[in-house]
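This report considers how two protein chains meet and what open space is found in the model. Please view the sequence and the structure before reading on.

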Amino acid sequence: MAPLKHYIQDSLLGGKTVEDSENLLLTGVLDSLAVMSLVAFIEQTYDIAVPFEDVIIENFMAIDAMGHYIRTRQQSGG
Amino acid sequence: MQEPAFLDDALTHWAATSPDATALHFVGAATSYGALEKAADHLAAHLISLGVSRGDRVVVYAAKSPNVIAAVYAIIRIGAIYVPLDPSAPQERLNTLIAATTPAALMADPARVTLLATQHTSMKRVNLESELPEPASPDVVRARALERSSDDPAYILMTSGSTGTPKGICHTHKSGLAYAKMAAKRCDLTQTDRVSHHTPLHFDMSIFDVFSTALAGAMCVIIPEMYAKIPASLAKLVQDARITVWYSVPYALIQMTERGALDTRDFSALRIIMLAGERIPPAALKTFSHHAPNATFLNAYGPTETNHCTTATFTHDALDGITPLSIGRPDDGVIARIGEGFLEDETGELLIASEQVMRGYWNDPVRTDATFTILTSADGETRKYYRTGDLVSRDKAGNLVLLGRMDRQIKLRGYRIELDEIEHVLGRAPNVTEAAVIVKDDALYGFVCGPADLDITALNAYAAAHLPAYAVPACITGLTQLDRTSTGKIDRNALATRRHDIATA
């Protein structure tokens, strides 16, 4: 999930380092605009479709949660 | 209930008569009225032990939570004044606001207590999540509560003001309660209601969420900030908490409509959708309304200085998705008039006289005086009116129609232009969900929100076809989202700094 982490740190957070397990929504690190760009990034980079009903806190709160979601989608052929 | 005189009286009443009823709902956890009253008294005793006195300002600097609501009650119970600050505001802004209100104490969540630890060292600090020492006898708190007058200031809401100097809008127990009572009645709130608390505390709409809800002994469903960013989770919370009364800026609803996966949600419990803070895009509201079959829609109007003071009510049938929504009629206890003439003007500034109106701007008698005007009406009554700065007229049915801000009426190359009218035209164009127009360096700039493949060429043609040539924006930019302030309103200052910087989509 290296590209994902790089994208979050470099493009969304201006170089700030974050832990994989850090809750990015709770601390206000990511705002709603950032979540939208993140969805677009994931769809392109990992070649999966992310429907609106999947853009929920459980799937996007931290880098490892996003990684888990992406792998699940890839396996299910989404 | 005995007629309440203070903003915290309803809490005491329900804690005594229905102690087990749920006052606050927060990600599945419930706080009863009894427990909230106890928590408020505990914090109040702690503030007294820190030396906080009647009339002192106490800053509340935290994300929404049950502890924060207990803190608000604690502060006003001992006659102090709560000053809620935007939890996401930059440090520099906080310093300005703290300097303007010279608070005696700060109550914050753990992350934020330390953020300000090295500055403002004379302020006492309370960490809202730490264990507090056992309180002194509750009688100390009671004694303090009894010293208060309902004309005492209860809260100060800070706005940036167009010049950048902060204005502190100061409400008393009396003015806050006059509003809370009116609005609770307007929405027919009862003990069985579950009311959303979406709006951050530093924004006036939270007065309804917290105090109108408490007057009815209803349940306040606190929406964690995290949910406000993720529309699909927000929509699930609205469904799962079976919220009956929703109150927010239109933007929150638009986000849920666009990205909330609403086809999979059940919003049948919603009976009132009340929106305020800025104009409602008619098409977006219409789309949302299909998902809330049992709801009535309220457009609430009112500056922070007056609280929400006029309301328009719409049934499903009345929403056509095109007509701009009126702001309705003055609410109970509110006198509204247009212009300062002996007889009302057809179009002019909206003036408001009511017990709901603020006491004044904190520590700023000059600005306070300038904002009020004393007028005698045709009925022979002399009243003190607040000048809203909003331009209104009445439609045929007698409803007030908001035309725009007085200061959004500009002159450009000799033409008088209403920026809000241009926004309305752009907002009506095919596929556009929202529009904002700003003026910078003597040119008009339009920003619109819509699908990624929005046709800007077609939009330019639409603007040229529907607006006089001098009112057509020099440049229209398509954005996936308009910039927003922390309270969810369109941030036109931020848009002004964008101008050409963004490539059109």
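The sections below describe an interface, a pocket and the salt bridges of a predicted model.

## The interface of chain A and chain B

The size of an interface is often given as the accessible area lost when the parts come together. Chain A and chain B bury about 1,400 Å² between them, and 72% of this area lies on carbon and sulfur atoms. In chain A, the residues that lose the most area to chain B are M36(A), F52(A) and I57(A), which together account for 40% of what that side buries. Counted by residues, 16 of chain A are in contact with 13 of chain B.

How many salt bridges does the rule find across the interface of chain A and chain B? The number is 0. Polar contact, by comparison, is found for 3 residue pairs across this interface, with both residues at pLDDT 80 or more. On the side of chain A that touches chain B, the elements giving two or more residues are α2 and α3 (57-60) of chain A. The most comes from α2(A), with 4 residues. By class, this side of chain A has 10 nonpolar, 3 polar and 3 charged residues.

## The second largest pocket

Rolling a probe the size of a water molecule over the atoms shows where empty space is left. The second largest pocket has a volume of about 520 Å³, and 19 residues line it. Nearest its centre lie M36(A), F52(A), R259(B), T480(B) and Q481(B).

Which elements each supply at least two residues of the lining of this pocket? They are α2 (32-45) of chain A and α11 (250-259) of chain B. The largest share, 6 residues, comes from α2(A). The lining as a whole has 11 nonpolar, 5 polar and 3 charged residues.

## Salt bridges

Side chains of opposite charge can pair when their charged atoms come close. Over all chains, the count comes to 28 salt bridges. One of them joins K5(A) and D20(A), whose closest N and O atoms are 2.9 Å apart. Because K5(A) lies in helix α1 (residues 2-12) of chain A and D20(A) in the loop between α1 and α2 of chain A, the pair ties together parts that are 15 residues apart in sequence.

Notes
Residues numbered from 1 in each chain as written. Chains lettered and ligands numbered in written order. Predicted model: local features only at pLDDT ≥ 70, side-chain atom pairs only at ≥ 80, totals over all residues. Heavy atoms only, no water. 1 Å grid on protein atoms, 1.4 Å probe; cavity = no way out; pocket = protein on both sides within 12 Å on 5 of 7 lines; lining within 4 Å. Points joined across faces, edges and corners; volume = space filled by probe spheres on them. Nonpolar A, V, L, I, M, F, W, Y, C, P; charged D, E, K, R; others polar. Contact = heavy atoms within 4.5 Å. Buried area = accessible area lost by both parts, 1.4 Å probe. Salt bridge = Lys/Arg side-chain N within 4 Å of Asp/Glu carboxyl O. Polar contact = N/O pair within 3.5 Å; in protein donor to acceptor, adjacent residues only side chain to side chain.
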